[in-house]
Amino acid sequence: MANSALEADLVRQPATVLAAAIAAGDVSAREVAQAHLDRIEQVDPAVHAFLHVDTDAALASADAVDVKRAAGATLGSLAGVPLALKDVLAMRGVPTTCGSRILEGWRPPYDSTVVDRLRAADVVILGKTNMDEFAMGSSTEHSAYGPTRNPWDLDRIPGGSGGGSAAAVAAFEAPLAIGTDTGGSIRQPAAVTGTVGVKPTYGGVSRYGLVALASSLDQAGPCARTVLDAAHLHAVIGGHDPRDSTSIDQPVPDVVAAAERADVRGMRVGLVRQLDGEGYAPGVRQRFAEAVELLTHLGADVVEVDCPHFEYALGAYYLILPSEASSNLARFDGMRYGLRANDDGDASVEQVMSNTREAGFGPEVKRRIMLGTYALSSGYYDAYYGQAQKVRTLIQRDFQSAFDKADVLISPTAPTTAFRLGEKLDDPLAMYLNDIATIPVNLAGNAAMSLPIGLSPDDGLPVGMQIMAPAMADDRLYQAGAAVEGALFDRWGHLLIEEAPAL
Amino acid sequence: MTTTTPQIVDFDEALTRYEPVLGLEVHVELGTESKMFCACPTAFGAPPNTQVCPVCLAMPGALPVINERAVESIIRMGLALHCDIAEWCRMARKNYFYPDMPKNFQISQYDEPICTDGYLDVTVPLPDGSGTKTVRIEIERVHLEEDTGKLTHAGGSTGRIHGADYSLVDYNRAGIPLVEIVTKPIVGTGELAPAVAKAYVAELRDIMRELGVSDVKMEEGSLRCDANVSLNRPGDDWGTRTETKNVNSLRSVERAVRSEIERQAGVLDIGGSITQETRHFHEDTGVTTPGRSKEQAEDYRYFPEPDLVPIAPDQAWVEQLRGTIPEQPSVRRSRLADEWGIGAFEMESLVNAGVLPLVEASVAAGVGPDAARKWWAGELLRVSNEKGIDPAELPVAPADIVRVEELIDSGTINDKLARTVFDGIISGEGDADAVIAARGLAVVSDDSALMVAIERALAEQPDVAEKIRGGKVAAAGAIVGAVMKATRGQADAGKVRSLLLAHLGVEDAQ
């Protein structure tokens, strides 16, 4: 690539291309960071992917990369590459709101492990991205700071909860982003914005510094425009962390090598019977069927698998998640950080706590805290939380037997393409159904990816395919995903995201 | 309908009508160097909020990681209390809002405690002095949890959060590992109930100290006891219980149980009913007053802590820890009392003085039990009290006691000089021989030197000399005393006496 062409189009380059150009000295990290900051300034007023852009810090860390390179230091695979960080991860000194009023003004005194590792890899963090409040939602409309808009159609939602991270990547504001996925919050936004998102195996990426929604389900992961970019980011943030007791003490599978292999020949691909059909939009089903054909064409051995307990996944999820969330969010009481409401000197500590939570939490957060408080109550625990845990075990068994027959499983990522802003805001159940295909993976703790497979003939909006792999076999996602991505690239001559309208 | 208000009933009288049932919950702060779920230090008395971090302040995103040493400590405690150790168990969240708890939930254990079904035998003296009785206290569970922060309420009259002008929170204590030891109901102890409660807590304290898992200082709150008490008439079902908190000394354990029995008997006597509640014990007045009412049981919404992996101690490790459990202190005490030929009273005074381990070590080094007791419960205890330190802190080794006793036996020094020798050792002048050399100590046994002193004394007190010559042997004491004074105690008084009498040609009548 000619130097001038690269410079003209810095924001449209994949992370791997940018990193190579910076390492080769074709472009400075500062120029790359500045190009993205300019792009943010240009398009983010319309998209609203970011809650906070830290221009000075971004340029300073870009400069540090340039200094390192000048000194002849060996740079990491993503050194100097800009990244957008979901506002649910603690970053020292930088506002971290989780999309909530209750954390307005809080600047963490510490870095999350993900941020630690990004810094160690010389990734340039541009700022914090918008999200549904405390990651509760599938549209980013539940952010206390206003919704993010889908770069494909500004009247539509970018998915959620990590709509900001997905939109930032889709709008070429950053080549990489970090999302978190509790029930689909990386994958569903990736699907509706035509980008790639991966939920790693539970325990594969440290949760230290990830503000918890549901501890047993939350997992941070990469968002990118290409499978290989996602693999590099996954490799940077993954791996054991002694500060997270649930972190797996094993090496991360070689996801980069798998993405480079990009081969499904002989791979057994399981089509999950329960994650298709009724409830899925015709255009989604059509593109998914074509992707299945493509896999067969590429040499995969496609088989149907049965996961009979998946139909209970949504119900179990909406008991386990609120239960854990009701407890995790108890710490937001106005006593130590963030908002403190109506502390007039006469109010008791209980009243101040109550006032703060009333003023600081939005309706969806309150709804889930109440659901969870109820589900954990004495006398109801066994019927709700206890039963939900049993369902969880059954879903894990479904996956086990499916993975006896297949190396990876596939489904549409989301039942529909991006819906219009406001369309499901007053109907929580309709909103919850967006995650019907993504939730089983969180309940079982295994790994999954969403990648773009085309535009729906219904509305011309992106459709995503979900690939699921067993725990600690994250590399299979990348191997299969990169093969599909490569075949589609060959067919279209470009990435799907290139078809997004100009902003 | 009676309008009588309940009267306090005399303890002995109360026991004629009611049987007490006890339940004791003891909290022990572990002496680990770091907190239960983070690396913060646990030292007592640091300036407020200086031993805190994102984890123990419950900063958003911070996660707990369990302290392995705390797990080891509780397993050793469980083994010392003859408990079963769970092969697999989980921590649980106990949810409730209170500003001393940063997360607004406490990480504790609920239905999967790590230690279950143990016991502890305690011995109490019978009130009529006729002997002792050993009572087996069944242990329901021993579980691990974290301590809360400490609230200080300013202004207001109650000293509680309600009514205070403002409250200060110190999170230094938040997250310190805490072990809760819960007994099964203790029945059938009758009039011994208060003494049994005290003896149980004392025995637990001794065990924890012996295990080295906690400094078990009740006054600093590292050992805390809640006493559940109920009364019932013989043959009736158990009564409603109250839970008395704020019991901060062994003596208070006994007094609180006694006081609650006397109070409840008064209520029951007039047909009243006991309110299930938390009560506070007041050291000054010796009575309990009502605290938080527990009529509406709080719903803590317990569920397994999802941020922590289950505790699954390796069985080989547990067996290895079993090998580190020392003999139960009370069992060891009665064994040693037998070996040393002393009674329970003498043993208790050694224990109370804090010198039992020192005596034991000296005996093990070869000193006779009587001599070891003589020094540690006598001169050395006096010196340590004078210095305001623990006897164990004196720089006196068992080998020093061995050497001093050898020197006494050989006649080199006497008991009086031995005290000077110890003074030298404690002052850092070296071992016994070095002190003797440096200070020129040693019994004067040179006859001619003594004779000079005797003759001088006789010359100074001619009347006394005359009396002795006249057969009044008892008068010899005055001369012996003068000689001892002249030799600054470095003479053997017996030897002086016999030299004196021989010199005067008087037969010793003694």
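# Two chains in a predicted model

Q: What radius of gyration does chain B have, against that of a compact globule of 510 residues?
A: In this predicted model, a compact globule of 510 residues would come near 24 Å. The C-alpha atoms of chain B fill a box of roughly 95 × 60 × 50 Å along the principal axes. The radius of gyration of chain B is 31 Å.

Q: How far apart are the centres of domain 1 of chain B and domain 2 of chain B?
A: Chain B is divided into domain 1, which covers 11-296, and domain 2, which covers 447-504. Taken over C-alpha atoms, the separation of the two centres is 66 Å.

Q: What share of the residues of chain B count as buried?
A: Chain B contains 17 helices and 14 strands. Of its contacts between residues at least 6 apart in sequence, 68% join residues at least 24 apart. The share of its 510 residues that count as buried is 38%.

Q: Which strands stand at the edges of the open sheet of three strands in chain B?
A: The order of this sheet is 4-3-14, with antiparallel pairing.

Q: Which residue is the bridge partner of Ala92(B) in strand 4 of chain B?
A: Strand 3 (residues 92-95) of chain B runs antiparallel to strand 4 of chain B, and four bridges join them. In strand 4 of chain B, the partner of Ala92(B) is Ser108(B).

Q: How many residues of chain B that touch chain A are nonpolar?
A: The contact takes 34 residues from chain A and 27 residues from chain B. On the side of chain B, four residues are polar and five are charged. The number of nonpolar residues there is 18.

Q: What radius of gyration does chain A have?
A: Chain A comes to 17 helices and 11 strands. The globule rule gives 23 Å for 503 residues, and the value for chain A is close to this, so chain A is as compact as a globular protein of that length. Its radius of gyration is 21 Å.

Q: What share of the residues of chain A count as buried?
A: The C-alpha trace of chain A spans about 70 × 50 × 45 Å along its principal axes. Among its contacts between residues at least 6 apart in sequence, 77% join residues at least 24 apart. Of the 503 residues of chain A, the buried share is 62%.

Q: How many bridges join strand 2 of chain A to strand 3 of chain A?
A: Strand 2 (residues 82-86) and strand 3 of chain A run parallel, and Lys86(A) stands opposite Thr129(A) in strand 3. With helix 5 (residues 113-120) of chain A, these two strands make a right-handed β-α-β unit.

Q: Which residue of strand 3 of chain A stands opposite Val53(A)?
A: Six of the six residues of strand 3 (residues 124-129) of chain A are buried, so this strand is largely enclosed by the rest of the structure. Strand 1 (residues 50-53) of chain A pairs with strand 3 in the antiparallel sense over three bridges. Opposite Val53(A) stands Gly127(A).

Q: Which residues point the other way from Leu176(A), Ile178(A) and Thr180(A) in strand 4 of chain A?
A: In a regular strand the side chains alternate between the two faces of the sheet. Five of the five residues of strand 4 (residues 176-180) of chain A are buried, so strand 4 is largely enclosed by the rest of the structure. The residues that point the other way are Ala177(A) and Gly179(A).

Q: Which residue of strand 6 of chain A does Ile178(A) stand opposite?
A: Strand 4 of chain A is joined to strand 2 of chain A by three bridges, and the two run parallel; there, Leu85(A) stands opposite Ile178(A). Strand 4 also pairs with strand 6 (residues 220-224) of chain A in the antiparallel sense over five bridges. In strand 6, the residue opposite Ile178(A) is Pro222(A).

Definitions and conventions:
Residues numbered from 1 in each chain as written. Chains lettered and ligands numbered in written order. Predicted model: local features only at pLDDT ≥ 70, side-chain atom pairs only at ≥ 80, totals over all residues. Contact = placed C-beta atoms within 7 Å. Nonpolar A, V, L, I, M, F, W, Y, C, P; charged D, E, K, R; others polar. Domains from an automatic or database assignment. Rg over C-alpha atoms; globule rule 2.2 N^0.38 Å. Buried ≥ 20, exposed ≤ 12 C-beta atoms within 10 Å, placed from the backbone. Pairing = 2+ DSSP bridges. Right-handed = clockwise from strand over helix to strand, strands pointing away.
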